[in-house]
Amino acid sequence: MSVTFASIALACLIVMAVCSIVFPILFIVSFNRFRREMKQIFEKRNLEEVEDEI
C-alpha cells in the first residue's frame, strides 16, 4: 500500500514538474503566434480603411 502510494505521489510530482515546464513554453509560443496574426489582421484593416478614405 505504502509503496503504491509513494509511486503515485512521485508520478504526480513528475507530471506537475513536466507541466510547469511545458505549459508556459506552449503558452508563450501560442501567444506570440496569436499576437503576430492579430497584427497582420490590424495592418490589413488599416490598409483597407486608408484605401476607403482615398
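Visitor: Before we look at cysteines, what is a disulfide here?
Guide: Happy to start there! In this predicted model, the term has a plain distance test. A disulfide is a pair of cysteine sulfur atoms within 2.5 Å.

Visitor: How many disulfides does a search of the whole structure find?
Guide: Let's take the cysteines in turn. For Cys-12, the closest cysteine sulfur is in Cys-19, 10 Å away, and that is too far for a bond. Looking back from Cys-19, the closest cysteine sulfur is in Cys-12, again at 10 Å and too far for a bond. The number of disulfides found in the whole structure is therefore 0.

Visitor: Is Cys-12 buried, partly exposed or exposed?
Guide: Its relative accessible area is 41%. Buried would need under 20% and exposed over 50%, so Cys-12 is partly exposed.

Visitor: And how does Cys-19 count, buried, partly exposed or exposed?
Guide: Cys-19 has a relative accessibility of 30%.

Visitor: Which residues form the negative surface patch?
Guide: One way in is Glu-51, which lies in helix α1, residues 2-53. At 58% relative accessibility, Glu-51 counts as exposed. The residues forming the negative patch are Glu-48, Glu-49, Glu-51 and Asp-52.

Key. Residues numbered from 1 in each chain as written. Predicted model: local features only at pLDDT ≥ 70, side-chain atom pairs only at ≥ 80, totals over all residues. Heavy atoms only, no water. Patch = residues over 30% accessible without salt bridge, like charges linked within 9 Å, V, L, I, M, F, W, Y side chains within 5 Å. Areas by Shrake-Rupley, 256 points an atom, 1.4 Å probe, with all protein chains shown as cover. Salt bridge = Lys/Arg side-chain N within 4 Å of Asp/Glu carboxyl O. Lys, Arg positive; Asp, Glu negative; His and termini not counted. Charge placed at Lys NZ, Arg CZ, Asp CG, Glu CD. Helix = DSSP H or I, 4+ residues; strand = E, 2+ residues; numbered from the N terminus. Buried < 20%, exposed > 50% of the residue type's maximum accessible area, 1.4 Å probe, protein only.
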